[in-house]
Number of protein chains: 2
Amino acid sequence: MNLTRRDFTKFSTLALAAQFGQQLTPELLAQTSGRKVGYCIIGLGRIADHFMRGTLDTNNSKVTALVSGHPDKAAQIAEKYGVPKSSIYNYENMDAIRDNKSVDAVYVALPNSMHAEYTIRSAKAGKHVLCEKPMAVSVAEAQSMIEACKSANVKLMIAYRCHYETTNLRAVKLIRDGAIGQVQSIQSAFGFNCGPNEWRLDKPLAGGGPLMDVGIYCLNATRYLTGEEPAEISAYAFSNPLDPRFKTVEENVSWVTKFPSGVVASCNTTYGAQMDGYFHVYGSKGWIDVNPAFVYDGLRLTAQIATPDNPYVTLDEPNSEKDPIHFSKEADHFSNCILHNLEPKTPGEEGLQDMKYIRDIYRSAGIAKS
Amino acid sequence: MNLTRRDFTKFSTLALAAQFGQQLTPELLAQTSGRKVGYCIIGLGRIADHFMRGTLDTNNSKVTALVSGHPDKAAQIAEKYGVPKSSIYNYENMDAIRDNKSVDAVYVALPNSMHAEYTIRSAKAGKHVLCEKPMAVSVAEAQSMIEACKSANVKLMIAYRCHYETTNLRAVKLIRDGAIGQVQSIQSAFGFNCGPNEWRLDKPLAGGGPLMDVGIYCLNATRYLTGEEPAEISAYAFSNPLDPRFKTVEENVSWVTKFPSGVVASCNTTYGAQMDGYFHVYGSKGWIDVNPAFVYDGLRLTAQIATPDNPYVTLDEPNSEKDPIHFSKEADHFSNCILHNLEPKTPGEEGLQDMKYIRDIYRSAGIAKS
């Protein structure tokens with residue numbers, strides 16, 4: 001069977017429900033294979049720390065190389081993870097990972113504007129790529145990343161944690177199983193009060209403000225909860241002109257989306273207020289609230305669902321899994337794809353879709369976006 | 001200084017007045033006047049029952065006449081409230097309230113499309129008008145109601161319960177006092193799964209769907225929480241074409257609003273799902289969640305606020321007041337305005353504003369609205 005790219009996109013979108021329905025649990029590879037996928041970590045910031053700790057709880061993933069501009073920091077981390085000095089790179093010489101047999105894949109955990117460059121360089125070095133979200137800072141960049149990985153015949157997965165996380169998957173399964181009837185309406189929000197010295201506030205590095213960083217969780221959630229792609233988006237944004245944090249990126253964004261089935265969703269994101277990430281899904285037979293929904297642990301699902309026996313069953317399901325469990329599951333999934341030549345659940349095309357909707361939201365809000 | 005409990009209530013809520021308008025506190029007239037304002041209740045449905053029971057807990061309001069198309073029902077209610085048979089009217093002869101000295105005001109609790117007619121007829125009969133929300137089914141109707149009351153020199157108040165209700169006022173006061181810093185973003189939702197035989201589903205009676213009926217709470221809340229008028233609104237709506245309930249009114253609406261200060265808000269309403277009414281206000285120094293926010297009792301405010309001593313104070317304030325307390329406060333306020341010739345906090349102009357924004361939301365969502 002020959003699939004064109006368009007077919008593939010269609011196929012992967014259609015398969016979304018099936019993927020969520022059938023492969024809810026990352027399979028633990030220890031059961032089938034002794035080999036571990038070696039990851040080169042590119043960028044040693046906070047999220048990389050979560051990911052590296054996450055690999056320790058898998059049986060198929062390990063940290064085997066590092067890329068950093070800070071040799072001392074890299075040396076410390078190398079010692080912790082048993083990475084030999086010869087596998088510590090900087091941003092200039094990292095292309096030499098090509099010759100490092102211990103490196104199967106990279107984990108790109110850099111500021112957003114560097115995702116494309118380091119994904120493409122890694123692909124050219126013959127390494128599979130797990131790239132943090134947002135995938136890039138523009139649609140064109142996202143497309144070039146997909147092309148580069150395809151040309152190099154390496155896998156590209158975008159690190160959408162929530163697609164691999166128990167409580168989010170539970171919500172999706174309840175919806176697909178019809179437990180709340182027909183989904184009518186979704187609300188979601190995620191944001192935080194951003195400190196003044198973050199790279200996130202620098203558009204050349206971040207590509208945009210809270211929408212790209214945390215609003216993307218709400219956007220992506222409305223897609224995986226419905227299993228649909230937005231048909232229309234409308235948005236407003238605002239930045240306090242007196243707040244020096246928001247000279248280049250926006251402070252607040254609100255948007256509404258309409259999906260082809262008719263589901264309507266409204267979302268908020270901010271860098272100017274504490275906004276615990278959550279989503280609320282309203283269906284014809286019940287509702288699901290996941291709050292918090294997007295942080296690293298402590299997630300909780302409450303719901304009122306209908307079963308064949310009882311139309312008003314209440315659920316309260318706190319998730320006791322601890323950080324870095326999301327990262328363990330994410331690493332496990334990608335390593336499994338690499339070891340068994342499977343397509344990741346959240347490939348580059350998934351990230352590209354969000355980049356398109358982010359562009360549409362910025363345009364609707366009057367913030368030009370390439 | 002000796003404060004009675006009633007004095008204390010007055011005292012503590014008077015402080016809100018400056019914030020929310022001028023007169024947040026229903027003053028309890030027993031202290032200043034023995035006279036009770038007599039209300040003619042027009043329409044004897046569910047909300048009228050709440051209102052009539054509400055008058056019993058005031059010292060300045062009483063039910064003195066009824067208008068109904070159901071003589072038996074009217075007779076039963078008349079007995080309960082001590083209304084003489086001579087003060088029971090039907091929709092044809094109700095203009096005779098003009099000659100009924102026991103009637104100072106009317107309470108219009110009819111389906112939405114009848115608000116304008118009965119407000120105007122009551123004004124022409126020389127009676128003050130307390131009209132349920134939505135004020136009318138069009139901007140033009142709302143304007144004609146304001147004109148009619150002005151010409152007749154009677155007061156017109158729209159029954160926005162939440163403007164007179166403790167927990168909503170508490171949220172407003174916290175915001176005005178700066179307890180959550182600069183408001184950035186608001187989310188609100190309110191809806192329910194509407195039974196199949198409600199007049200609400202009949203556009204000629206209702207004028208519209210959940211937006212007019214319950215979405216108006218979210219819309220109005222974004223206005224009283226910010227103290228601003230929307231600068232821009234964008235919306236989507238959807239009705240399931242296979243659901244016979246939604247032949248004439250919409251099922252779901254989501255909208256986003258931008259306020260002049262930059263506050264962005266997103267709201268959802270529905271007749272197709274249970275959607276507990278709430279609002280969440282995100283500020284630069286904290287947040288306020290009122291959930292439920294719009295039902296008759298059991299309201300609860302939780303918040304994280306900043307005080308001069310502590311930037312992270314958490315509040316959890318369940319409201320133990322019982323239905324029909326909102327209606328008592330509402331009646332008390334309007335009666336006070338009548339007895340002391342004051343302007344109601346929620347005059348016709350307040351209702352007119354919402355009618356304009358409802359029109360804008362329907363237009364943006366592609367639902368024509370006069």
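Trainee: Which way do β8(B) and β9(B) run, and how many bridges join them?
Mentor: They run antiparallel, joined by seven bridges. Strands here are DSSP runs (E, at least two residues; helices are H or I, at least four), numbered from the N terminus. This is a predicted model, where local features need pLDDT of at least 70, side-chain atom pairs count only at pLDDT 80 or more, and totals for chains, interfaces and linings use all residues. Residues are numbered from 1 along each chain as its sequence is written, while chains are lettered from A and ligands numbered from 1 in the order in which they are written.

Trainee: Thanks! What stands opposite B:Phe238?
Mentor: That's B:Asn252, in β9(B).

Trainee: And what's the strand order of the open sheet in chain B?
Mentor: The order is β8-β9-β10-β7-β11-β12-β13-β14, eight strands with mixed pairing. Two strands pair if DSSP finds at least two bridges between them. β8 and β14 (313–318) of chain B are the edge strands, each pairing on one side only. From one strand to the next, the twist averages 10°.

Trainee: Which strands does helix α8 of chain B touch?
Mentor: Helix α8 (residues 210–226) packs on the sheet and touches β7, β9, β10 and β11 of chain B. Its direction makes about 160° with that of β7(B). Axes are lines fitted to C-alpha atoms, for helices over the stretch in contact, and angles run from 0 to 180 degrees between N-to-C directions.

Trainee: Where does helix α10 of chain B lie?
Mentor: Helix α10 (residues 348–364) lies across β8 and β9 of chain B, at about 55° to β8(B).

Trainee: Switching topic: how many residues does each chain give to the contact between A and B?
Mentor: Chain B gives 33 residues and chain A gives 33 residues. Contact means that the C-beta atoms of two residues, placed from the backbone, lie within 7 Å. On the chain B side, the elements giving two or more residues are β7 (183–193), β8 (232–238), β9 (252–258), β10 (264–270) and β11 (272–283).

Trainee: What rotation superposes chain B on chain A?
Mentor: A rotation of 180° with 0.0 Å of shift along its axis, at RMSD 0.0 Å. That is the relation of a two-fold axis. The same surface serves both copies, as 100% of the contact residues of chain B recur in chain A.

Trainee: Nice. Which residue of chain B comes closest to the rotation axis?
Mentor: B:Ser266, with its C-alpha at 2.9 Å.

Notes. Copies are superposed by least squares on the C-alpha atoms of residues with pLDDT of at least 70 in both.
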